[in-house]
Amino acid sequence: MMDLRELYQEVILDHSKRPRNRREMPEANRRAEGYNPLCGDRATVFLHLDDGIVRDVSFEGSGCSISTASASMMTEALRGKSVAEVEALFQRFHELVTTGPEKAAGPELGKLAVFGGVREFPMRVKCASLAWHTMRAALEGGGRATTE
Ligand code: ZN
């Protein structure tokens with residue numbers, strides 16, 4: 001049987017090799033670009049908001065496997081959520097990668113809990129957070145986000 005750590009690595013590897021929702025979205029009504037200068041990761045996040053609900057979310061970009069997997073899993077987690085739920089999940093995710101799984105774990109994080117391990121690697125925290133900061137910049141009206 002696989003231990004939890006291996007399972008986590010499996011999930012991240014799977015999403016980095018076959019990212020979900022990696023496409024441009026012409027009908028997006030929110031978008032932002034993000035950059036993580038420490039690692040060189042770039043992400044553009046597209047949102048289609050309707051009536052305060054995320055109807056669709058996608059991303060484009062290039063970066064390390066952690067940043068790609070995080071963007072991919074974020075898009076899966078956000079579809080169908082309200083802006084308030086998205087904001088709450090952003091806070092939980094941020095807590096998870098900065099304080100660790102012991103404090104931040106909760107059922108609402110679901111598969112995103114796999115990123116709890118990055119806390120031990122400060123550079124990787126930026127990689128895992130890039131898509132989330134970019135998504136938040138898009139929600140706040142677009143423009144650019146940076147992990148610095
Ligand atoms: Zn990176």
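A cavity here is a set of grid points where a 1.4 Å probe fits but cannot get out. With that in mind, welcome to a quick tour of this predicted model. A zinc ion is held by cysteine and aspartate donors, namely C39, D41, C64 and C127.

**Zinc site**

- Along the sequence, the donor residues follow the spacing C-x1-D-x22-C-x62-C.
- D41 belongs to strand 2 (residues 41-50), and C64 sits in the loop between strand 3 (53-62) and helix 2 (65-78), so this pair ties together parts that are 23 residues apart in sequence.
- D41 has a relative accessibility of 1%, so it counts as buried, the limit being under 20%.
- C64 is buried as well, with a relative accessible area of 16%.

**The cavity**

- The structure holds one cavity of 30 Å³ or more.
- Its lining is made up of 13 residues, and the closest to the centre are R42, A43, F59, S67 and T68.
- Strand 2, strand 3 and helix 2 are the elements that each give two or more residues to this lining.
- Strand 3 gives the most to the lining of the largest cavity, with four residues.
- By class, the lining of the largest cavity has four nonpolar, five polar and four charged residues.

- The largest pocket is lined by 20 residues, and R5, Y8, V114, G117 and V118 are the closest to its centre.
- Helix 1 (4-17), helix 2 and helix 4 (101-104) each supply at least two residues of the lining of the largest pocket.
- Helix 1 makes the largest contribution to the lining of the largest pocket, with seven residues.
- In terms of class, the lining of the largest pocket divides into 10 nonpolar, five polar and five charged residues.

**Helix 2**

- Helix 2 has 14 residues and reaches 20 Å from its first C-alpha to its last, close to the 20 Å expected at 1.5 Å a residue.
- This helix is mostly covered, with 12 of its 14 residues buried.
- The buried residues of helix 2 include I66, M73, M74 and L78, and also the serines S67, S70 and S72.
- S67 and T68, both buried in helix 2, are also among the residues closest to the centre of the largest cavity.
- G80 follows helix 2 and has a positive phi, near 90°.

**Helix 3**

- Helix 3 (residues 83-99) has 17 residues, which should span 24 Å at 1.5 Å a residue; its end C-alpha atoms are 24 Å apart, which agrees.
- The buried residues of helix 3 are V86, L89, F90, F93, L96 and V97.
- Viewed down the axis of helix 3, these buried residues fall within an arc of 130°, so they line one face of the helix.
- Helix 3 is followed by G100, whose phi is positive, near 100°.
- G100 lies in the loop between helix 3 and helix 4, and it is buried, with a relative accessible area of 0%.
- From C-alpha to C-alpha, G100 and R5 are 14 Å apart in space, while 95 residues separate them in sequence.
- R5 is also one of the residues closest to the centre of the largest pocket.

- N21 has a phi near 60°, a positive value in a residue other than glycine.
- N21 lies in the loop between helix 1 and strand 1 (30-36), and at 17% relative accessibility N21 counts as buried.
- D51 also has a positive phi, near 60°, in a residue other than glycine.
- D51 is found in the loop between strand 2 and strand 3, where D51 is exposed, with a relative accessible area of 72%.

Definitions and conventions:
Residues numbered from 1 in each chain as written. Predicted model: local features only at pLDDT ≥ 70, side-chain atom pairs only at ≥ 80, totals over all residues. Heavy atoms only, no water. Donors = N, O, S within 2.8 Å, 3.2 Å for Na, K, Ca; no water. Buried < 20%, exposed > 50% of the residue type's maximum accessible area, 1.4 Å probe, protein only. 1 Å grid on protein atoms, 1.4 Å probe; cavity = no way out; pocket = protein on both sides within 12 Å on 5 of 7 lines; lining within 4 Å. Points joined across faces, edges and corners; volume = space filled by probe spheres on them. Nonpolar A, V, L, I, M, F, W, Y, C, P; charged D, E, K, R; others polar. Expected span 1.5 Å × (residues − 1). Arc of directions from axis to C-beta.
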